[in-house]
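The following note collects points for discussion on the model shown below. Please read each point against the coordinates.

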Amino acid sequence: MNFSLESSNPALQAEGVSGPSAFEQAMSPSNTASLQGVANKTFMLCAIAIASGAGGYSLVSIMPSIMWISAIASLIIAFGIYFVLAGKPHLAPIVAPIYAVVEGVFLGAFTGALDSILANMGYQVAGGLALQAFIITVS
């Protein structure tokens, strides 16, 4: 049994078409993600999403007529950004904060819409849906 680590995949070849292979680029120290770097970026993007979600929620509470428009528009924009990032992941450092803002606005507007629907039905949720969702997520 000869277990060779050779591959016919062009991305894994020792020399790529125009320089080092994708495998060598991915394994280079400059492209290696650290746990601290991932945690920092995750915290930063979550903070951006929470702040924009609070903004979306307060916008909906001030102007209820914009509730569904902002929720649907931000959902469509978020899907568009997702497909851009799926096709071109190298744009993530630029597009990820924009995605966090749009997703936060969507969640804020959607939470505001659900809060108003529940209020019209006569139901009260202690602290609102956003607080309940946050508590359930953290626990």
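Which residues line the second largest pocket? The lining consists of K41, M44, L45, L85, P89, A92, P93, A96, P97 and Y99. The points below set this pocket in its context.

1. Basis of the note. The model is predicted: local features need pLDDT of at least 70 and side-chain atom pairs count only at pLDDT 80 or more, while totals for chains, interfaces and linings use all residues. Residues are numbered from 1 along each chain as its sequence is written, and side-chain values use heavy atoms, with hydrogens and water left out.

2. Overall architecture. The protein chain contains five helices and two strands, arranged along the sequence as β-β-α-α-α-α-α. Helices (H or I, at least four residues) and strands (E, at least two) are DSSP runs, numbered from the N terminus.

3. Of the 139 residues of the protein chain, 19% count as buried. Buried means under 20% relative accessible area, exposed over 50%, and partly exposed in between (1.4 Å probe, protein chains only). Among contacts with a separation of 6 or more, 57% are between residues 24 or more positions apart; a contact means heavy atoms within 4.5 Å.

4. The protein chain exposes about 10200 Å², of which carbon and sulfur atoms supply 72%. Accessible areas come from the Shrake-Rupley method with a 1.4 Å probe, and for residues only the protein chains shown count as cover.

5. The second largest pocket. Its volume is about 270 Å³. A pocket is defined on a 1 Å grid over the protein atoms alone, as an open set of points where a 1.4 Å probe fits, with protein on both sides within 12 Å along at least five of seven lines; lining residues have an atom within 4 Å of a point. Grid points are joined across faces, edges and corners, and a volume is the space filled by probe spheres set on the points. Helices α2 and α4 each supply at least two residues of the lining of the second largest pocket, and α4 gives the most, with five. This lining divides into nine nonpolar residues, no polar and one charged. Here Ala, Val, Leu, Ile, Met, Phe, Trp, Tyr, Cys and Pro count as nonpolar, Asp, Glu, Lys and Arg as charged, and the others, Gly among them, as polar.

6. The largest pocket. About 700 Å³ of space lies in the largest pocket. It is lined by 25 residues, and those closest to its centre are I50, L107, T111, A130 and F134. Two or more lining residues come from each of α2 (35–62), α4 (92–121) and α5 (128–138). The largest share, 10 residues, belongs to α4. By class, the lining of the largest pocket holds 16 nonpolar, seven polar and two charged residues.

7. S74 in helix α3. S74 is found in helix α3 (residues 67–87). Is S74 buried or exposed? S74 counts as buried because its relative accessible area is 6%. Leaving aside residues up to four places away in sequence, S74 touches V102, V105 and F106. A polar atom of the S74 side chain lies 3.4 Å from the backbone nitrogen of F106.

8. A71 in helix α3. A71 is placed in helix α3 and, at 3% relative accessibility, counts as buried. Residues up to four places away in sequence not being counted, A71 touches F106, A109 and F110. The C-alpha atoms of A71 and A113 are 8.6 Å apart in space, although these residues are 42 apart in sequence.

9. I77 is found in helix α3 and is partly exposed, with a relative accessible area of 43%. I77 and Y99 are 22 residues apart in sequence and 8.4 Å apart in space, C-alpha to C-alpha; Y99 is also one of the residues that line the second largest pocket. F110 is found in helix α4 and counts as partly exposed at 31% relative accessibility.

Key
A polar contact is a pair of N or O atoms within 3.5 Å; within protein, one must be able to donate a hydrogen and the other to accept it, and residues adjacent in sequence count only if both atoms are side-chain atoms.
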